Amino acid sequence: MPAVTETRETVESLGSTSYKWGFETEIEMEIAPKGLSEDTIRLISERKDEPGWMLDWRLKAFRAWQQMEEPDWQKPKFPRIDYQDAHYFAQPKKKPGPKSLDEVDPELLRTYEKLGIPLHEQALLAGVESPEGEEARMPVAVDAVFDSVSVVTTFRKTLAESGVIFCPISDAIREHPELVQRYLGSVVPAGDNFFAALNSAVFTDGSFVFVPKGVRCPMELSTYFRINARNTGQFERTLIICEDGASVSYLEGCTAPMRDENQLHAAVVELVAMEEASIKYSTVQNWYPGDENGRGGIYNFVTKRGACRGRNSKISWTQVETGSAITWKYPSCILAGEGSVGEFYSVAVTNNRQQADTGTKMIHLAPNTRSTIIAKTISAGQSDSTYRGLVRMMPRARDARNFTQCDSLLIGNHCGAHTVPYIESRNMTARVEHEATTSKISEDQLFYCRSRGLSEEDAVGLIVNGFCKDVLKELPMEFAVEAQKLLQISLEGSVG
Amino acid sequence: MVKKILIMNDFLKISGLSARIDDNGTPKEILRGLDLVLPKGEVHAIMGPNGSGKSTLSYVLAGREDYEVTVGEVTLDGADLLAMEPDERAAAGVFLAFQTPVELPGVNNATFLRTAVNAVRRARGEEELDAVAFLKAVRAETKRLHMSDEMLKRNVNVGFSGGEKKRNEVLQMRMLQPRLAILDETDSGLDIDALRVVADGVNSLRGPDFSALIITHHQRLLDYISPDRVHVMAKGRIIHSGGPEVARQLEAQGYAKYLTAEAAA
């Protein structure tokens with residue numbers, strides 16, 4: 001079929017030019033020398049003005065990491081990473097945490113402007129609060145993390161009035177040590193896995209959210225991650241805690257400049273939901289994916305886990321993964337509270353030479369726990385995508401239920417899609433359902449749309465968005481539209 | 001000057017059109033030097049036995065890529081139709097009602113329709129319809145076609161009955177306001193009431209700026225949409241053309257007469 005050759009040619013000609021966020025910001029940075037040792041960790045801890053217990057925690061994680069092997073069971077393969085050949089600390093020279101627009105480095109502001117963060121959000125980023133009586137159009141509090149350092153967090157005061165703490169985790173370590181000590185590493189222990197241990201040793205910043213008993217967080221919280229510096233890894237740490245009856249909706253977004261070398265992003269996210277608490281965690285991941293030949297791009301190796309500790313608590317992960325050279329992560333739920341609910345909604349798009357191995361783990365510990373997994377995988381170009389998921393029903397998980405649906409959509413003839421579901425049931429009353437489909441965007445569908453006047457790109461966008469609808473509708477409304485556009489941009493030129 | 005008048009009259013002009021499709025590695029010739037002229041404002045029917053290339057003709061006119069045009073020309077109002085992408089043809093006013101309408105899972109029917117209408121309006125330099133104007137326009141059409149509003153909320157053609165799919169095609173046609181409609185066996189699988197509704201959907205568009213090619217097996221639809229001319233197609237060519245009486249003769253006598261004449265020629 002001529003369409004195949006054309007597809008390949010179009011995809012090849014397209015390359016990385018479609019990545020609109022690939023610029024670099026010239027900004028004065030303080031960068032630690034390359035290499036990873038106890039000295040590096042001491043330097044990070046000292047620069048962050050951390051208490052002794054934090055340094056000890058880091059060092060313990062580092063020693064554990066030194067004993068560990070880089071895992072290799074995943075489907076995407078990559079050259080060995082030289083962990084001594086990277087910088088582990090980089091921060092804009094200007095002091096972090098400014099109170100007003102004037103104190104933010106104008107270069108940083110321009111960066112966020114160029115990233116196309118919607119205007120209203122920019123106003124928030126700049127820390128300008130709306131005049132009295134004039135409601136901000138979209139009340140979203142933003143934590144902007146630039147090369148692993150939080151540069152601005154908006155709405156901190158407003159949130160504090162309702163008891164919600166939203167701040168860089170480095171501030172939380174100093175200002176709320178009792179909370180951090182109690183919860184940090186309680187869901188993802190420092191020695192949990194190779195990359196989590198590395199993160200625990202060297203993380204430089206991230207977001208901290210604490211919603212006290214009975215409080216519904218009055219606005220969406222969001223963190224915007226930006227990698228800028230060369231040869232640096234990005235290691236953020238996010239910790240979100242909802243006490244009894246509390247709830248929060250949180251969204252993270254991310255981009256990086258185009259570079260020929262790969263950069264490692266090894267973040268850890270921990271969520272804790274107590275009785276009747278609810279946490280909705282959404283991700284729109286748009287790290288630089290590398291060029292058409294697979295050169296460059298981010299290695300996105302992230303550990304995300306939530307613990308439903310209390311009765312009837314709920315944790316919901318929604319992810320739209322379009323970026324990164326390799327995406328390797330499994331946002332998971334540990335359902336320890338009776339009647340607790342775990343959800344995972346995922347859209348993973350790979351194009352050119354991108355690879356993804358992503359999915360979730362639902363660990364049912366308690367009776368009447370429920371989990372839902374909806375995973376949509378879209379592969380184009382010469383990319384390869386794997387859904388890997390574990391559903392585990394433990395002996396106490398009486399009447400627990402899981403429903404899993406995995407759908408793969410292939411565009412062109414050179415891509416791959418794989419589904420690897422693991423199901424373990426140790427309780428006779430537990431019920432586990434798994435459905436999976438694989439399909440291609442058919443020539444029929446494309447021609448039908450085009451004969452109605454839609455351009456090829458619009459036709460693909462419409463079909464793909466239809467395919468992903470079940471997941472996209474889980475995103476906070478303001479971001480669903482952006483996610484739809486992003487899907488379309490990621491697949492630009494993928495059909496001949 | 002003379003030439004210009006000619007073009008005006010030959011709204012759709014197909015000359016010596018041959019096209020083939022790749023049939024598991026070997027090219028298969030389906031259209032073999034087809035000639036056809038459809039003047040502005042006229043409705044013509046194309047009838048012919050199975051495998052004569054009727055559907056291929058409709059696909060080639062709408063721009064389906066699987067078919068390779070080896071020789072021949074097609075002009076629409078003087079413009080080279082074959083040089084246009086399928087969406088450009090839609091913008092130029094070509095509409096194909098599919099014999100087998102395609103399902104689009106997860107794509108809301110109203111969203112699809114509005115996206116299509118606005119894409120075409122944009123390309124034609126017309127103002128796009130906002131949600132309210134669109135809804136008003138589409139409600140008027142669904143009413144005319146005896147369709148429930150509920151069908152707009154469903155996914156495009158997913159779970160539609162055969163008759164519902166065909167009505168949905170006619171709905172799209174009416175919303176897109178084509179200058180050239182090609183109906184590929186839109187009558188197949190329709191009961192008599194649905195047939196009347198579909199025929200009314202076409203007839204009410206008839207006028208000096210609307211032309212149509214009706215591809216059908218049966219006289220039945222032509223009882224409701226009376227064609228200006230009827231063409232008989234066989235083995236990839238038009239082998240006979242005449243007035244509406246041709247359809248009635250075919251219904252009574254079958255294609256044998258034309259086919260033997262063609263074989264002898």
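## Strand pairing in chain B

B:Asp22 stands opposite B:Pro27 of strand β2(B). Strand β1 (residues 12-23) of chain B and β2(B) run antiparallel and are joined by nine bridges; two strands count as paired if DSSP finds at least two bridges between them. Strands (E, at least two residues) and helices (H or I, at least four) are DSSP runs, numbered from the N terminus.

An open sheet of four strands in chain B has the order β2-β1-β4-β5, with antiparallel pairing. Its edge strands, β2 (26-38) and β5 (79-80) of chain B, each pair on one side only.

## Model and numbering

This is a predicted model, in which local features need pLDDT of at least 70 and side-chain atom pairs count only at pLDDT 80 or more, while totals for chains, interfaces and linings use all residues. Residues are numbered from 1 along each chain as its sequence is written, and chains are lettered from A and ligands numbered from 1 in the order in which they are written.

## Contact between chains A and B

In chain B, 23 residues are in contact with 18 residues of chain A (C-beta atoms, placed from the backbone, within 7 Å). On the side of chain B that touches chain A, α3 (86-92), β7 (104-108), α4 (109-123) and α7 (162-176) of chain B each supply at least two residues. The largest share, six residues, comes from α4(B).

## Helix α10 of chain A

Helix α10 (residues 443-450) of chain A is largely enclosed by the rest of the structure, because six of its eight residues are buried (20 or more other C-beta atoms within 10 Å of the residue's own, all placed from the backbone). The buried residues are A:Gln445, A:Leu446, A:Phe447, A:Tyr448, A:Cys449 and A:Arg450. Their cover includes α11 (456-472) of chain A, together with α3 and β7 of chain B.

Terms used:
Contact = placed C-beta atoms within 7 Å. Buried ≥ 20, exposed ≤ 12 C-beta atoms within 10 Å, placed from the backbone.
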